[in-house]
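Subject: Structure handover

Hello,

Here is the structure for your own work. My notes on what was found follow it.

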Amino acid sequence: MWRPFSRVRILGLTVLALRTLSMHAQDGGPPKGEWRYYSGDNGAKKYSPLDQINKDNVAKLRVAWRRPHIDPELLAGYQGQPLRLSNNFRSTPIMVNGVLYASNAVGLAEAFDPGTGKTIWLQKPGPEGIRGGASNRGVAYWSDASGGRILTHRNQYLYALDPRTGEPFAGFGDGGKVDLNVGLGPLYPMYRWGSTPLVVRDVVVMGSSMADQDSASRMEGEPGDVRAYDVRTGKLRWTIHVVPREGEPGTESWDDESWSYTGAGNVWALMSADDELGYVYLPTTSVTNDMYGGHRRGNNLYSDCIIAVEATTGKRVWYFQTVHHDLFDYDNPAAPILADITLGARVSNGSRAPSSRASRGTPCEFLPFFAGGAGLLGACSQFSDTLLGGRKIKAVVQVTKQSFAYVLDRVTGKPVWPIEERPVPASTVPGEKASPTQPFPTKPPAFDRQGVTIDDLIDFTPELRAEAIEIIKKYVTGPVFTPPSVVGDGPTGKKGSIQLPGSVGGTDWTGAAFDPETGMLYVPSMTNPFVSNLIPGKGTETNLLYRASTRELLQGPRGLPLMKPPYGRITAIDLNRGEQAWMVPNGDGPRNHPLLKDLHLPPLGQAVRAAPLVTKTLLFVSEGDQINVRTPPNGGGRKFRAFDKATGKVIWETELEAGTTGTPITYLYKGRQFIVVAIGGLEHPAELIALSLPATDTTASGRAR
């Protein structure tokens, strides 16, 4: 069911690509060492070619400056009720033309000096005042030959600001802002989103967050449309219906026209784009309710999909569904990563030659809206000279909560390696009909533990193993994609199903990092089981037959984890071969627990929401703070580490005042390389911190002395 582009369509894409290249040429291109996008580029790579900080000097890193999560000047004249600012400060700055821009604790944009952290300008609160906002994950930048603008949002408004002054552009929307409530349905009266606008070509793309989703109380809900606005005027350019409407493709995947009332399916996560192709990649989420779908039988397109759309028109190009009829809260949590790879390539530094053993199995069905052959535009791939042989592919990689990395051709949507539809357990819940199969990649292998058996349980001592076995007897266990179950009655009744990976992964919104020089993907993840349990719905509270119960994060014996370690890990995946290169624990974990400290165990890995950053020289990975949502008890950490990219060996680590709450970035400013990340904790006020080498260890050219 795949068909090629028509010649007219190919010509149109080529013209658009040339137009983009021309725009970049007119703009002069970004200065070296900047960080102009949330993830370094629109491809979500989290990569920088900077090399001033390297394995020989990384131990000299020191805190260069700190900046609170809200500028005190904004609070100086405030006379309302006391503000309760969250220390879960999710903001990640961008660095453009020698200025840092970020969202602060109340969702207002701030500009500040990259070398000192001092304020340059603050976005004016406007008529809504300071109260009522929260930090967003970031802001975006756009420019053409006439100048640039910062795109940011707060509550229901999208703003276009002058990057020099912070003043709104009067010609954008209504006096510099667009009301994102316009066009919403009656079940979603107030727009919300905590993520980052995506700017590509001349549009800004906006997702959404649904207040009633994870444990929705009704089968009806507002569908989570994705909308794009003209970056100059603020006019609505297109809308994507993730839950299809009458007459649209995809309705056939919903029994009994359940598409007509089902909500969510939104993009709450970060998005990515191929600026050359002009494609936007949307990671969609599950639909209402996350754990019971008896009222929405079918595969429920386009929930839990990667959807490629044309940036300028919103036309769907292709899609791939990662979970059918989601009952697991396995929404796609991170931006799809653009990765130019060379199949079968090897690195000439002595690494193993590619395996001659071919993957087996029939790929799952591929249903594009439109399609085309890889490399239609003849774009140059960014590969190191050390890569030898093989076929080059413009790929896109979706890392997931279920700990699979789905690797697709980003032009056509076809799997790079076969993805098999394999049988999975059926549901025992009355009225529910789970999908009989789910898509399993044959390559690369899963990057974290999946499913629960006795062999997966903690076994540091026979006593701990015996206690863990007693714990799981109270629950339904099985392989990955074991559906939720109803809480039983009496002392022998089951308490629900143990789901592993849990509803926050695996990976989550901090995603992974990709090194374009080596083709290596670095994936932080955690082993965090939770209980997927259902209780009968009460007619006075819900019209669902069953709804979510406790959704507790399940712990093991005596305050220890239930499963074997590592509890937090980093996995390096060679995307040129689809194979795991190495895996290491990220942090100590509970090795110093009273029952374990005399066993002299190696690092067990900390259950954290870790965030990666890869440079030409090193891999940096944080320990996310306990304050991050759904971090397990005794999880979270405060360490920040540098790893050897080739082996996973820890080169350096430092302990911060709190764990990270955002993702790290790096840039070069006045000859010094900086690393900046947001931190915050239950007892530590949130802030941005900048790390750099002492000035005496750098030169004006940006090289280490």
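A residue is called buried when its relative accessible area is under 20%. Buried residues make up 61% of the 705 residues in the chain. Please keep in mind that this is a predicted model.

Overall, the chain has three helices and 40 strands. Among contacts with a separation of 6 or more, 66% are between residues 24 or more positions apart.

Salt bridges: the count is 38. In one of them, K45 pairs with D41, with the closest N and O atoms 2.9 Å apart. K45 is buried at 16% relative accessible area, whereas D41 is partly exposed at 25%.

Another joins D202 and R237, with a closest N to O distance of 3.3 Å. D202 sits in the loop between β11 and β12, and R237 is in strand β14, 35 residues away. R237 is partly exposed, at 30% relative accessibility.

K564 and D459 also form a salt bridge, at 3.9 Å from N to O. K564 is in the loop between β31 and β32 and D459 in the loop between β25 and α3, so the pair ties together parts 105 residues apart in sequence. Both are partly exposed: K564 at 24% and D459 at 37%.

Shared partners join D144, D202, D230, R232 and R237 into one salt-bridge network.

E257 lies in the loop between β14 and β15. Its relative accessibility is 52%, so E257 counts as exposed.

Regards

Notes. Residues numbered from 1 in each chain as written. Predicted model: local features only at pLDDT ≥ 70, side-chain atom pairs only at ≥ 80, totals over all residues. Heavy atoms only, no water. Helix = DSSP H or I, 4+ residues; strand = E, 2+ residues; numbered from the N terminus. Buried < 20%, exposed > 50% of the residue type's maximum accessible area, 1.4 Å probe, protein only. Contact = heavy atoms within 4.5 Å. Salt bridge = Lys/Arg side-chain N within 4 Å of Asp/Glu carboxyl O.
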